[in-house]
Amino acid sequence: MTATQTQRIEALEGPISSLEILEAERGFAEPPWFPAALAQLGTGVLFLTGAPRTGRRTAALNLLRRHTGGGLNFRAVDGSTDLDLWQPKNKGTLGYLVDGLVPTQPLKPAVLGNLRDRLRTERASMVIILPDDPELLRRVERDLHLTPVRCEPPPPRAVFDARLEAEIPDAGQRAAFLERLEPGLVDELLAPELVPAEVAELVALLTGPDQEGEDIRSRLSFLAEDEAPELIDTLRDDPDGLAFLMAACVFEGLDHRVVREEADRLLEVADGQLAALLPATEGSSEVPRDNPRFVFRRSLDDLLRTVRAQCAPKEIRTASGFTYAVEPVRFTRHRKAETVLRHVWREYGRLSVVLTAWLEGVKDDSELATPAGHVMGLAAGWGGGRRALGHISTLAGSDTGTGRRIAAHALGMAADDPVLATEVKYRLTDWSRRAGWQRRTTVAHACGTRFGLARPDLALSLLRGLPRSPQSDEEERHVNRAIRAALAELFTEDTRPMVFRCVLGWADADPEWEADLAFAVLPSLLHGGEWFGEELLGEGEFSAPIVDLVRRALDRDASFGPTGGALLSWCREGTWNERRAQAVTTLFDHLARDMRHGTLRLFVEIDRHSAPDLAGRDTARRALNAWRAGASSPAPEGTPR
């Protein structure tokens, strides 16, 4: 994975992670305009603008945190929200962030006044980040009679000092650290045009393990802009090198054998378009070219040197049910892959057609689908225009699972662009209501990617509209499997209550096949059982619904095995995790009060299990003894609770 692909996903809708808020505060260099912005936030609403990567979101979170006296209960509001109709429904939320507002209707003073009144009633405030679009900013100034605060980052040196202090709090140790660096290195690298994110990268690399000045220069992402055109020029007469460069950019972090294989496939797809010279024709006096199919054409080391990449040490990775070793191809410089791809996509228009055809043809492998979709999503923003999502839309209707997964990841990446996000949401909503099973499967996959993780409310709304027919329909099974996978991905720390409410709604739904979907996804949620355990032990809002849903899942033949397996994993974990053992005991105590068919089967399996010291076994055994003594009896299958 590239650094871009593994970065934390920022919430664009729903709760903002406390980790992101605290990370934004850590090493924050307060800019000169901050006090004025804080004063304006005191009116309830602050409009903030600025160029990308100038720290707008970081500043917004710090403004909210400072304004609320150190609060952490903030929520993101989607940029396409109609603020005239929006209501602050979440009690206890102190601050709201609209990251990238693109108003579809003109904002009027009455709208802003009503918004401030609603926020004041809830004792909350809101920061609205506007895109750096001159026409939009002029409309806001004209219609609202206010000037948005412009986010101008502090000088790079101030950002550097603040970030370094966060990494090395002791002043004496900081001074000693700077003394050990190459003389003049920091002054050389802290160019005036550096944005806060680039300065943070510099500090992270300088304070990382075993860093030397020479290595630092070769790794910094912000030095890649000048290198990309130079690299393309160097490889102009080298189709093998160009193909390997493109493959390394797209699949950086994957095994070198995968990268080499994809480079060879790109050469085939390009069909000579990567060669600067045409091959000699038969019977001509031209000098014949080297045979491109010669198996000793280029060594791996030669190709790596050519594109300025390296083969990292062997890593052990895990797949479903097994582990395997890879030697990932990585560029030395951070973010070089994205920089090179953006350069060639914008500067060489016809190459984008070749790369798109190549990416659409990757084999059915989720390891390849994610980076391919990542690049196609970025490319939608690089290309722009009314047809920016055209190639992704076509792929979304693919009959192949890989094509649909690539489209889903691409839509998730494209939606990070506030302008494209509107079209992405429109298309996904339209497909969820009217499209065939292929595009509805793509919608479900997209809800489980960064698109859904950043907008959990919208993702769950889309997922609710996707099921169509019983699971006996093979085509609809693709949709339902994708829905289950998306719900499992969305079941994160901040969104578990939302996801569980969705599952509860399906469990009680009519027709029955929607309930089947709920009971099919429950086991995968139970495997991440910490939240369920805390709800059971704390007798929280979902304690009784959890018990009821588990009991009903055990009573169904189709879901008994997976649900019982998940609960058995709880029992095993309870042998060394006291908190999990208490949760198992609590759940089994509740289940034993109504010994129905599925509960009886589960308790018998646990009683007979070969593992010693299994948590919950004593509770299950007592319930079985009581039932055998006639104190209770299992209800017939399907009996209401």
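Which residues in α7 and α8 meet? The exercises below work through this and other points.

The model is predicted, so local features need pLDDT of at least 70 and side-chain atom pairs count only at pLDDT 80 or more, while totals for chains, interfaces and linings use all residues. Residues are numbered from 1 along each chain as its sequence is written, and side-chain values use heavy atoms, leaving out hydrogens and water.

**Exercise 1.** Describe the packing of α7 against α8.

*Solution.* Step 1: locate the elements. Helix α7 covers residues 156–167 and helix α8 residues 171–180; helices are DSSP runs of H or I with at least four residues, numbered from the N terminus.
Step 1: take the geometry. The two axes come within 10 Å and cross at roughly 115°. Axes are lines fitted to C-alpha atoms over the stretch in contact, with angles from 0 to 180 degrees between N-to-C directions.
Step 2: list the contacts (heavy atoms within 4.5 Å). Phe160, Leu164 and Glu165 in α7 meet Arg174, Phe177 and Leu178 in α8.
Step 3: sort by class. The contact has 4 nonpolar, no polar and 2 charged residues. Here Ala, Val, Leu, Ile, Met, Phe, Trp, Tyr, Cys and Pro count as nonpolar, Asp, Glu, Lys and Arg as charged, and the others, Gly among them, as polar.

**Exercise 2.** Is glutamate 578 buried or exposed?

*Solution.* Step 1: glutamate 578 belongs to helix α31, residues 578–592.
Step 1: its relative accessibility is 55%, so glutamate 578 counts as exposed.
Step 2: alanine 615 is 37 residues away along the chain, with 9.1 Å between the C-alpha atoms.

**Exercise 3.** Report on the cysteines and disulfides.

*Solution.* Step 1: cysteine 151 has a relative accessible area of 4% and is therefore buried.
Step 1: cysteine 571 is also buried, at 0%.
Step 2: a search of the whole structure finds 0 disulfides, a disulfide being a pair of cysteine sulfur atoms within 2.5 Å.

Notes:
Helix = DSSP H or I, 4+ residues; strand = E, 2+ residues; numbered from the N terminus. Buried < 20%, exposed > 50% of the residue type's maximum accessible area, 1.4 Å probe, protein only.
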